[in-house]
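The exercises below are meant to be worked with the sequence and the model side by side.

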Protein chains: 2
Amino acid sequence: MKSIDSIQDIQDTARGAVFLGAGGGGDPYVGELFLRSQLSAGHHPRIESLEDIADDAFVISVAGVGAPTVLVEHLVSAPTFVRLLEESEQVYGRRVDALVSAEIGGANCMFPLALGAMRGLPVLDADGIGRAVPHLDMTTFNIYGCLATPSVLVDDSGNTVIVRTTSNRTAEHVIRNVASALGATIYGSFYPMTGRQAKQFAVAGTLSLALEIGRIIRSAREHSADPVRGLLAGLRKLPDRRPCRLLFEGKIADVLHETRDGWHFGRAVLESTHSGRRSELIIEIQNEYLVARRDGRTVAIVPDLICVLDRESAEPLTAEMLRYGQRVAVVGYAAPSVLRRPESLAVVGPRLFGLKEDFAALEALIPGEE
Amino acid sequence: MKSIDSIQDIQDTARGAVFLGAGGGGDPYVGELFLRSQLSAGHHPRIESLEDIADDAFVISVAGVGAPTVLVEHLVSAPTFVRLLEESEQVYGRRVDALVSAEIGGANCMFPLALGAMRGLPVLDADGIGRAVPHLDMTTFNIYGCLATPSVLVDDSGNTVIVRTTSNRTAEHVIRNVASALGATIYGSFYPMTGRQAKQFAVAGTLSLALEIGRIIRSAREHSADPVRGLLAGLRKLPDRRPCRLLFEGKIADVLHETRDGWHFGRAVLESTHSGRRSELIIEIQNEYLVARRDGRTVAIVPDLICVLDRESAEPLTAEMLRYGQRVAVVGYAAPSVLRRPESLAVVGPRLFGLKEDFAALEALIPGEE
């Protein structure tokens with residue numbers, strides 16, 4: 001059992017979560033603020049590794065659902081979080097022993113930590129996908145047959161909705177529409193499971209990974225003349241040695257944002273500003289960065305992570321932060337290996353996002369460098 | 001306590017419910033079929049008058065929610081109804097003593113009768129509005145402060161959603177969106193209340209009224225050379241002596257149907273086919289017939305009822321049944337007096353439907369005839 005003891009740790013975790021969000025998942029700033037206030041009140045989130053959780057422990061995911069832009073503007077209130085936990089325990093008919101993130105990327109990294117700190121509940125060092133995704137049913141929990149519901153949904157106005165569906169696809173539709181009807185971010189409990197199921201199905205170590213990546217970025221900024229290359233060097237030293245690549249450095253020449261059917265769609269066109277010949281990278285966006293094509297050739301594709309960073313500071317940028325003229329670097333980072341299996345690609349692969357090509361691993365698209 | 005004993009009674013009630021639906025509420029044919037099968041199985045719906053219900057009895061409304069067109073195509077399954085009642089009793093924490101229609105107009109007249117017959121529960125001779133309305137919060141229950149939730153929603157695929165909101169407006173938004181997410185009609189329990197509250201707030205006698213109007217239409221068809229005038233004569237003999245008017249007789253010259261934001265919007269233009277000079281009636285539609293204007297002058301307006309009838313048979317027609325060339329008669333029928341009070345008009349008056357005029361009573365718009 002570790003604990004998050006410093007504001008530095010919270011900031012590092014939040015920054016790492018934006019990196020792992022691959023453009024989506026929303027800015028964790030609100031969650032970070034909330035968590036800082038918990039820390040000031042002496043409530044420190046405790047992190048428990050998957051091995052340490054009892055097989056018969058009762059674990060739930062807690063997450064915000066709604067447009068990332070709303071998530072960012074909307075302050076979370078402590079009583080709402082407490083109500084979420086209490087109503088959930090009533091619906092599930094038992095006490096919750098531990099919390100886990102449904103997705104580690106973006107804002108949803110912070111909410112279990114905040115609730116865990118408030119109620120003295122451990123948060124598992126794991127999550128349901130190892131990145132951010134635009135659908136509730138895009139999780140390893142779902143891929144391996146856990147039901148997303150019963151699910152308790154609450155908002156800050158005192159409304160409560162309990163959802164019990166026979167399929168996770170239906171759960172996604174219903175919960176998305178409830179969020180839209182309530183006109184703001186809602187918070188919910190999802191994927192009730194045992195400790196044994198969490199061990200089997202969760203992506204392990206991702207909370208530590210967010211903290212570690214945040215630390216690497218901070219350290220690269222302090223000690224490296226080129227923070228982006230410093231970050232890449234740091235990623236390569238991590239224990240799981242997942243492939244990473246510098247995909248592009250350049251300037252945003254065009255960026256299109258469109259909100260449609262409750263999602264943020266977009267496309268960013270980058271041009272390289274140095275090195276004699278002209279080169280271009282196009283990134284397609286549905287909340288997350290889905291695919292990056294350099295001069296017409298795919299160089300990284302979902303579920304591998306595509307991360308856009310500020311060129312100077314290596315600050316990870318969510319899709320809604322991209323602006324014309326920004327100087328950025330684009331990094332590809334291999335997804336956790338479980339996401340590259342056929343059963344996972346059937347749920348989070350490129351075709352699920354309407355892309356007309358199959359998944360290809362980052363290190364196959366750009367060989368070498370390991 | 002009366003009971004509905006014959007298929008004739010069911011058919012009459014269904015036809016009367018279409019009349020009271022004022023163009024909306026959907027065709028009760030599916031509910032009628034369901035109810036007929038209950039009758040064949042020896043399950044007769046029992047009707048209880050408001051005076052006979054105990055003050056401490058526990059009463060709920062049950063209703064279908066969704067586009068009327070879907071409601072008509074979708075067969076209701078008995079196990080779904082039973083599940084609705086059982087889940088509701090669990091959520092409310094007590095046994096249901098009686099059922100009541102949320103709206104008497106259209107299909108939602110039939111569902112409490114069907115469930116009541118199956119489970120041996122009485123159905124109150126009353127409803128929450130005395131007609132059909134396009135929103136769940138347009139009820140006298142809401143007008144006098146009853147909460148529409150907790151509400152249990154079920155569908156035929158085994159999905160369940162429990163909604164608890166702090167306002168009935170929010171309940172309407174959430175429940176409408178859940179219906180849309182589940183892609184079909186859902187059935188729900190609404191407005192849990194005591195017998196005492198039902199006595200205070202429900203519109204009394206409306207189930208008997210539907211049956212009575214159905215009988216009047218049948219009798220007018222059998223015994224009157226002009227069934228429409230026979231119907232008007234019959235309505236005038238009813239005990240509550242609500243004003244009614246023949247607004248127009250003519251042919252549908254133009255009809256526009258548009259489905260937008262989950263509602264059926266439309267406009268029907270009628271031309272008179274007899275009597276020397278040319279005359280025209282325009283009816284504006286949002287699920288229900290909202291306002292009728294004869295040669296530019298308003299002759300009936302919501303919440304008073306506007307009913308379009310087949311000219312020859314006096315068969316009441318829902319808005320989606322209107323077709324170019326149909327010969328029709330249009331009848332105005334005063335709303336129950338409770339709906340004409342200021343507090344009611346604030347919830348179901350013309351302005352709520354985006355109309356730019358205030359309510360005026362049918363008998364003020366067309367004096368005389370009483």
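Helices (H or I, at least four residues) and strands (E, at least two) are DSSP runs, numbered from the N terminus, and two residues are in contact if their C-beta atoms, placed from the backbone, lie within 7 Å.

This is a predicted model, in which local features need pLDDT of at least 70 and side-chain atom pairs count only at pLDDT 80 or more, while totals for chains, interfaces and linings use all residues. Residues are numbered from 1 along each chain as its sequence is written, and chains are lettered from A and ligands numbered from 1 in the order in which they are written.

**Exercise 1. Determine how strand 3 of chain B is covered and with which strands it pairs.**

Begin with burial: 7 of the 8 residues of strand 3 (residues 58–65) of chain B are buried, where buried means that 20 or more other C-beta atoms lie within 10 Å of a residue's own, exposed means 12 or fewer, and partly exposed is in between. Next, strand 3 of chain B pairs with strand 8 (residues 186–194) of chain B in the antiparallel sense over 7 bridges, and Ser61(B) stands opposite Phe190(B) there. Then strand 3 of chain B pairs with strand 4 (residues 98–101) of chain B in the parallel sense over 4 bridges, with Val59(B) facing Ala98(B).

**Exercise 2. Work out how chain B is related to chain A and through which elements they touch.**

First, chain B is superposed on chain A by a rotation of 180° with 0.1 Å of shift along its axis, at an RMSD of 0.1 Å, using least squares on the C-alpha atoms of residues with pLDDT of at least 70 in both copies. The two copies are thus related as by a two-fold rotation axis. Second, the contact takes 18 residues from chain B and 18 residues from chain A. On the side of chain B, strand 7 (160–164) and helix 7 (168–182) are the elements giving two or more residues, and helix 7 of chain B gives the most, with 8 residues. Third, 100% of the interface residues of chain B are also interface residues in chain A, so the copies meet through the same surface. Last, strand 7 of chain A and strand 7 of chain B run antiparallel and are joined by 5 bridges, where Ile162(A) has Ile162(B) as its bridge partner.

Conventions
Pairing = 2+ DSSP bridges.
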